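User: I am new to this structure. Please show me how to read a few of its features.

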Amino acid sequence: GKPHVRVYTEERDRPVVVVVDQRLPMFFGSEYKMKSVVAAEVAAITAWRVLGVGDRIGAILFNDERIAEARPARSEKKVMGWLGDLANMNNELSVTSATESRPAALEEALKATQRMVSHDYLVILVSDFHGWSDKALQSIRRISQHNDVISCMVFDPLERDISRADKLVVSDGFYQLEIDPVHQDLGERFETSFRNSVAHVRSELLRHNIPVVPVHTAEPTDRQLREQLGGQRVLQ
């Protein structure tokens, strides 16, 4: 004879799109792995995690020449398909490549992402943010208006602390040149430029409430993701 009220929370589909940078600037690593490999590992770990909880996962893969799109799906076969495309892009990276790096490829990939997602998506951008521009910021800002965005910034420790290297040998695939980072404050100027660039990207992303998760090439990727995401740490 008494009324009973039950309140249910409706489960909502949470599609995820991971945007993975495989451009030539990602083909660098001084200790453990290349930045391009770390980015691919972040994408793979994300994909299997999303599938494991029953959500849909898709991808935007891009390099200096093309963009490959895979719409979100709850399918291991489709995930294996675009992970294979990602592996192919990774294997194509080479210092002897005739293709030049195109900074504008980042904003083109973000525009493709903007066209793919609608509302209530989770977009994970995995890149070193080479070629960051006002147009790239505009695209990621529009995406974040109706979706959640996480930026995963991939870097190599040598980019932050190049002065610790006694001698460096750089090559374009044909010629080699030995550089002393201490000479004419070369290392200090490089580090200052890198810090300013990172600080600029970070401040613009955080201004739009987009968390920045740093991942570097010197330690296993899965361990870093557990530490960063498990503790909700972001780049401050």
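This is a predicted model: local features need pLDDT of at least 70, side-chain atom pairs count only at pLDDT 80 or more; totals for chains, interfaces and linings use all residues.

User: How are α1 and α2 oriented to each other?

Analyst: Two packed helices are described by the angle between their axes and the distance between the axes. Helices (H or I, at least four residues) and strands (E, at least two) are DSSP runs, numbered from the N terminus. Axes are lines fitted to C-alpha atoms, for helices over the stretch in contact, and angles run from 0 to 180 degrees between N-to-C directions. Here α1 (residues 35-52) and α2 (residues 76-92) pack at about 175°, with axes 11 Å apart. The two helices are therefore roughly antiparallel (an angle over 145 degrees).

User: Which residues of α1 and α2 meet?

Analyst: Contact means heavy atoms within 4.5 Å. On the α1 side they include A40, A44 and W48, and on the α2 side they include V79, L83 and N90. The residues of this contact divide into twelve nonpolar, two polar and one charged (Ala, Val, Leu, Ile, Met, Phe, Trp, Tyr, Cys and Pro count as nonpolar, Asp, Glu, Lys and Arg as charged, and the others, Gly among them, as polar).

User: Which way do the residues of β8 point?

Analyst: In a regular strand the side chains alternate between the two faces of the sheet. In β8, V212, P214 and H216 point one way and V213 and V215 the other. Five of the five residues in β8 (residues 212-216) are buried, that is, under 20% relative accessible area with a 1.4 Å probe, protein chains only.

User: How many bridges join β5 to β8?

Analyst: Two strands pair if DSSP finds at least two bridges between them. Five bridges join β5 (residues 148-155) to β8, and the strands run parallel. F155 has H216 as its bridge partner in β8.

User: Is R23 buried or exposed?

Analyst: R23 lies in the loop between β1 (16-21) and α1. Its relative accessibility is 0%, so R23 counts as buried. Among the residues R23 touches are F62, L93, R102 and F129. The side chain of R23 also reaches the backbone oxygen of H130 at 2.7 Å.

Terms used. Residues are numbered from 1 along each chain as its sequence is written. Side-chain values use heavy atoms; hydrogens and water are left out. Angles under 35 degrees count as roughly parallel, over 145 as roughly antiparallel, 65 to 115 as roughly perpendicular and the rest as oblique. Buried means under 20% relative accessible area, exposed over 50%, partly exposed in between (1.4 Å probe, protein chains only). A polar contact is a pair of N or O atoms within 3.5 Å; within protein, one must be able to donate a hydrogen and the other to accept it, and residues adjacent in sequence count only if both atoms are side-chain atoms. Lists of a residue's contacts leave out its neighbours within four places in sequence.
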